[in-house]
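Thanks for coming, everyone. Let me put today's structure on the screen and then walk you through the main points.

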Amino acid sequence: MAASWLEISRDAASLLIQTIMKNTLVVIGHPFWQDSTANKHIVENLALIDGSKILFSNIGILYPDGEIDIETEHKKLIEADVIVFQFPIQWYGAPSIMHKYMEQVLSYGFAYGEGGDKLKGKHFIASFTTGGPEYAYTGKYGYTTDQLMIPLKAMVSYCGMTYDGYIVSYGMFNTPSPDSVCLDHARRLADRIAAL
């Protein structure tokens, strides 16, 4: 009988133990969180590392009616040193729930414009999964993963943040060992955060 995801995670926890010295906010934008496998497991593995320094803000769960509490989200962003957007790629970009967050929370006077310097100097990492295989993001359909990140990179720059790249796991619909892929993704993300 195969080990459960939780057993794998507990056994791997000793490998994940690191101290993340920076306050990290992980904004989760998954439109179908209840059905998520990969993103859920990535987040759960990341939480094992040092939950005291990582705050998870799952937009779909916190605001099921779609009404984002902008003031609350602003406070979370202000307190963070590192901001991570965690999401599944859908139609070669971030899903609409992630865009809604950006449109409403990263507002004029807060994230940009006159007085909009609250995110200046913060670090930003995109962390995402794809359902399709890696070859679908190598230019086969006209664009690479790096090119798909241009809108996020522009947003980061416009808000005065530092873009610290992305962590991606490809082909999550058909991966033979999703548990190990999710654990590896969480490790790579934790390593990137710890290196900042």
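**Overview**

Of the 196 residues of the protein, 48% count as buried, where buried means under 20% relative accessible area, exposed means over 50%, and partly exposed is in between, with a 1.4 Å probe and protein chains only. A word on the source: this is a predicted model, local features need pLDDT of at least 70, side-chain atom pairs count only at pLDDT 80 or more, and totals for chains, interfaces and linings use all residues. Residues are numbered from 1 along each chain as its sequence is written, and side-chain values use heavy atoms, with hydrogens and water left out.

The protein has eight helices and five strands. These are DSSP runs, numbered from the N terminus: helices are H or I with at least four residues, strands are E with at least two. Along the sequence, the pattern reads α-β-α-β-α-α-β-α-β-α-α-β-α.

Now contacts, meaning heavy atoms within 4.5 Å. Take those between residues at least 6 apart in sequence: 77% join residues at least 24 apart.

**Aromatic pairs**

How many aromatic pairs does a search of the whole structure find? The search finds nine. Rings of Phe, Tyr and Trp (its six-membered ring) pair if their centres lie within 6.5 Å; planes under 30 degrees apart count as stacked, over 60 as edge-to-face and the rest as tilted.

Look at Phe-87 and Phe-128. They are stacked, 5.5 Å centre to centre, with 20° between the planes. Phe-87 sits in strand β3 (residues 82–88) and Phe-128 in strand β4 (residues 123–129), so this pair links parts of the chain 41 residues apart. Phe-87 is buried at 1% relative accessible area. Phe-128 is buried too, with a value of 1%.

Next, Tyr-112 and Tyr-158. Their ring centres are 5.2 Å apart and their planes are at 40°, so the pair is tilted. Tyr-112 lies in the loop between α5 (96–105) and β4, and Tyr-158 in helix α7 (residues 150–158), so the pair ties together parts 46 residues apart in sequence. Tyr-112 is partly exposed, at 25% relative accessible area. Tyr-158 is exposed, at 61%.

There is also an aromatic cluster, formed by Phe-85, Tyr-101, Phe-124 and Tyr-163.

**Helix packing**

Helix α4 (residues 70–79) and α5 pack at an angle of about 90°, with their axes 10 Å apart. Axes are lines fitted to C-alpha atoms, for helices over the stretch in contact, and angles run from 0 to 180 degrees between N-to-C directions. That makes α4 roughly perpendicular to α5, a label for angles of 65 to 115 degrees. On the α4 side, the contact is made by Ile-70, Glu-73, His-74 and Leu-77; on the α5 side, by Tyr-101, Gln-104 and Val-105.

**Two buried residues**

First topic, Ile-89. Its place is the loop between β3 and α5. At 10% relative accessibility, Ile-89 is buried. Beyond neighbours within four places in sequence, Ile-89 is in contact with Phe-128, Thr-129, Thr-130, Tyr-137 and Met-149.

Then Asn-58, in strand β2 (residues 54–58). Asn-58 is buried, with a relative accessible area of 10%. Leaving aside neighbours within four places, Asn-58 is in contact with Ile-28 and Trp-33.

Methods:
Parallel < 35°, antiparallel > 145°, perpendicular 65-115°, else oblique.
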